[in-house]
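I'll jot down what I looked up, one topic at a time.

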Amino acid sequence: MATMRSPIHIELPTPFMVGPVNTFLLKQDEPVLIDCGLNLPMTHDALTAGLAQHDLQVSDIKHIVITHAHVDHMGAANWICERSDAEVWVSDLVYDWAIDITEMWEDRVGFMSEIVAKTGLSAEDQQNVLSYFRSVPELWDSVPSERLRKFSLDDVLEMGGGQWQVLHLPGHATHQTGFWNAENGWLFSADCLLPRTPVPVIEFDQDVPTQRSLGLPLHLKSLERLAALPVNCVFPGHGEPFGDHRGVIASQIGRIQRRKEQCFDHVAAGVDTLPALTDKMYGHYPSAGRFTGLSTIVGYLDLLRAENRVVENEVDGVWHYSLQA
Ligand SMILES: [Zn+2]
């Protein structure tokens, strides 16, 4: 078997707090991109320049493989399609987002409006969060059906001269997948395993759209699944590729457990709403990043509720937390 060439890392800028997002180029056989950034001129320029360093143009791209339906990972897919004959490969769970982001995003905003009302944030903070959500489709184009190809959650994809096992990795997003090449021990980890612990984004459960998915409990299970694999190099959705995935996973799980205990101590001391817990645990965040902190606290509370240590009660339409009797 021919030796596979290592994935080429290209960073693409985003306007978000997370900083740049990665695309990885597999140059062997037909050029493939794993994820592709959001739909802004600065991203297009960075992609064009990154490809040029490897003697390629956007028009040479044959496949774009998407890890998860977040704007920074797939917003520019259609822009690339319009300049190439690329096909966009998405999992069964991402297909609806890829083909009609306007409709899916309406559902997402509707769901988030209900969630945000229950958080107990001030009216102004609620409006800020929702106006951010409403602006996302400006950076995200739908892809026409004739360009889309579906893969299943246990598929094996042929790309870059090798075989990649699809891994369903819910947590940061319910519909998130990674891709693992056993031959080399290479892992495209999406935003499941990053150099920094990812946020459990508040989303609806795709099976039961009226319910919130339990992001952080799912995330811990996905990390355990990755820790069991022999991996030599992780190619993450953000940040530099890295090794020692078991060390990184152990330290991130340790941190999550420590922060969860801090959250428990605050609830035990009578801090009983999400904004009050956010002040205690993420008071140092700039206001634009506060909802990220709040989302992570929802994750800690999900873990504590699963352990039967904390209960959630709705009082006048707002969630309150107390110790389980
Ligand atoms: Zn991301």
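**Ground rules.** I'm working with a predicted model, where local features need pLDDT of at least 70, side-chain atom pairs count only at pLDDT 80 or more, and totals for chains, interfaces and linings use all residues. Residues are numbered from 1 along each chain as its sequence is written.

**The cores.** I looked up the largest nonpolar core and found 60 residues in it. My note on the term: such a core is a set of buried Ala, Val, Leu, Ile, Met, Phe, Trp, Tyr and Cys residues joined through C-beta atoms within 7 Å. "Buried" is for 20 or more other C-beta atoms within 10 Å of a residue's own, "exposed" for 12 or fewer, "partly exposed" for in between, with C-beta atoms placed from the backbone. Ile64, Ile66, Ala77, Ile80, Val88 and Ala98 touch the most other members. Apart from that core lies another one, of 19 residues, including Val116 and Phe291.

I then picked Val88 and skipped its neighbours within four places in sequence; its contacts include Ile64, Ile66, Cys81 and Leu148. (In contact: C-beta atoms, placed from the backbone, lie within 7 Å.)

**The sheet.** Next I checked an open sheet of five strands, in the order S7-S8-S9-S10-S11, with mixed pairing. Strands, like helices, are DSSP runs numbered from the N terminus (strands: E, at least two residues; helices: H or I, at least four). Two strands pair if DSSP finds at least two bridges between them. Which strands stand at the edges? They are S7 (156-159) and S11, each with a single partner strand, so one side of each has no neighbour in the sheet.

I zoomed in on S7 and S8 (residues 162-168), which run antiparallel and are joined by four bridges. Leu157 has Trp164 in S8 as its bridge partner.

**A proline.** Pro170 sits in the loop between S8 and S9 (177-181). Is Pro170 buried or exposed? It counts as buried, because I get 25 C-beta neighbours inside 10 Å. Leaving out neighbours within four places in sequence, Pro170 is in contact with Gln176, Leu218 and Ser222.

Asp244 isn't a glycine, yet has a positive phi of about 45°. I found Asp244 in the loop between S11 (233-236) and helix H8 (245-268). Asp244 is partly exposed, with 13 other C-beta atoms within 10 Å.

Asp316 isn't a glycine either, and has a positive phi of about 50°. Its loop is between S12 (310-315) and S13 (318-323). Asp316 counts as exposed, because it has 6 C-beta neighbours inside 10 Å.

Technical notes: Two residues are in contact if their C-beta atoms, placed from the backbone, lie within 7 Å.
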